[in-house]
Amino acid sequence: MSLARRAARRLLAQVHGAPRPASKKLSCCWEMARPSSNMADFREVFAKAKHIAIITGAGVSAESGVPTFRGAGGFWRKWQAQELATPGAFARNPSRVWEFYHYRREVMLSKHPNAAHIAIAECEKRLRKQGRSVVVITQNIDELHRKAGTKHLLEIHGSLFKTRCTNCGNVTANYKSPICPALAGKGAPDPETEDATIPVEELPQCEEDGCHGLLRPHVVWFGEALDPDVLTEVEKELELCDLCLVVGTSSVVYPAAMFAPQVSSRGVPVAEFNMEATPATDRFRFHFQGPCGTTLPPALARHESEIIA
């Protein structure tokens, strides 16, 4: 059974309270001793890895000052992301939802990759010259990995800087600032700010010949499924990897929360880099606590055994 299908079935079981099927293999791997924080041991594993998968979440961008809009205090005006990032919210009030995403786009245009993003991109570039591979599987929509120089990137939740036409389905990169004239100066997060109530015809429109359909952010909203083509690519990479890093993710957002535990269940070393332990921490071989920009660069630096042409 594929990784994606296993994750989906496990999630369904959790939602409905169904018992999980017994598995000696999973029990063996998931009930291991507390993970190690020995960097020297991790470095030995890293030096031998040929195919490295790095799964990243909001924590890797936090040090760049990227707001998450999740958890306590994560409001834009008086709404949380869960109230705005839905198909229903966009259908009811596309102007408000576009104000929210316009604000996020403008914020991100002023942000820069931090030491963690750069360490990942530099590691990928260096190992590629050695015939080794690094793939970044990110839940983030901020494109900071791309900005840092990462080439092999799978954005499972989409991107703030891509749009999709609600009429013809065309997806395109869009870095305009503002994305349309009507949104200029809009999107202020202050709770006292009133909605701009921009007419639909003045919101971002498709530029394909003869279409002019309403554009939406090309991101995965609450209640929407992940792109099956992207999931297929993720599945291939996770089945190939011989080392997996989990960086700055809470390991609670499904199906991504199941990716690393599934890798660990087949005996592949998994290393978690996070500010705190997560529900999945005990399933991994390594755990390094602290800011990703501090812990990740020495972990991914050139190993003394590496031969650079």
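## Ground rules

Residues are numbered from 1 along each chain as its sequence is written, and side-chain values use heavy atoms, without hydrogens or water. In this predicted model, local features need pLDDT of at least 70 and side-chain atom pairs count only at pLDDT 80 or more, while totals for chains, interfaces and linings use all residues.

## Overall build

The protein has 12 helices and 11 strands. These are DSSP runs, numbered from the N terminus: helices are H or I with at least four residues, strands are E with at least two. Of the 309 residues, 50% are buried. Buried means under 20% relative accessible area, exposed over 50%, and partly exposed in between (1.4 Å probe, protein chains only).

Take the contacts (heavy atoms within 4.5 Å) between residues at least 6 apart in sequence: 73% of them join residues at least 24 apart. The protein exposes about 14,900 Å², and carbon and sulfur atoms supply 53% of it. That area comes from the Shrake-Rupley method with a 1.4 Å probe; for residues, only the protein chains shown count as cover.

In soluble globular proteins, nonpolar side chains tend to be buried together. A nonpolar core is a set of buried Ala, Val, Leu, Ile, Met, Phe, Trp, Tyr and Cys residues joined through side-chain atoms within 4.5 Å. The largest one here has 30 residues, and Trp98, Tyr101 and Trp221 have the most contacts inside it. Two or more residues come from each of α5 (81-84), α6 (87-92), α7 (94-109), β6 (158-165) and β8 (215-219). The largest share, 5 residues, belongs to α7. Domain 1 (36-66 + 113-157 + 226-303) and domain 2 (67-110 + 158-219) each give this core at least three residues. Those bounds come from an automatic or database domain assignment.

Beyond neighbours within four places in sequence, Tyr101 touches Ala85, Leu160, Pro217, Val219 and Trp221. A second, separate core has 25 residues, including Leu127, Leu243, Phe273 and Phe288.

Which residue does the UniProt annotation "active site" cover? It covers His157, in an unreviewed entry. Such annotations may be inferred rather than shown by experiment. His157 sits in the loop between β5 and β6. His157 counts as buried because its relative accessible area is 16%. Its side chain reaches the backbone oxygen of Gln139 at 3.0 Å. Leaving aside neighbours within four places, the contacts of His157 include Thr138, His218 and Val253.

Thr150 lies in the loop between α9 (144-148) and β5 (153-155). Thr150 has 4% relative accessibility, so this residue is buried.

Notes:
Polar contact = N/O pair within 3.5 Å; in protein donor to acceptor, adjacent residues only side chain to side chain.
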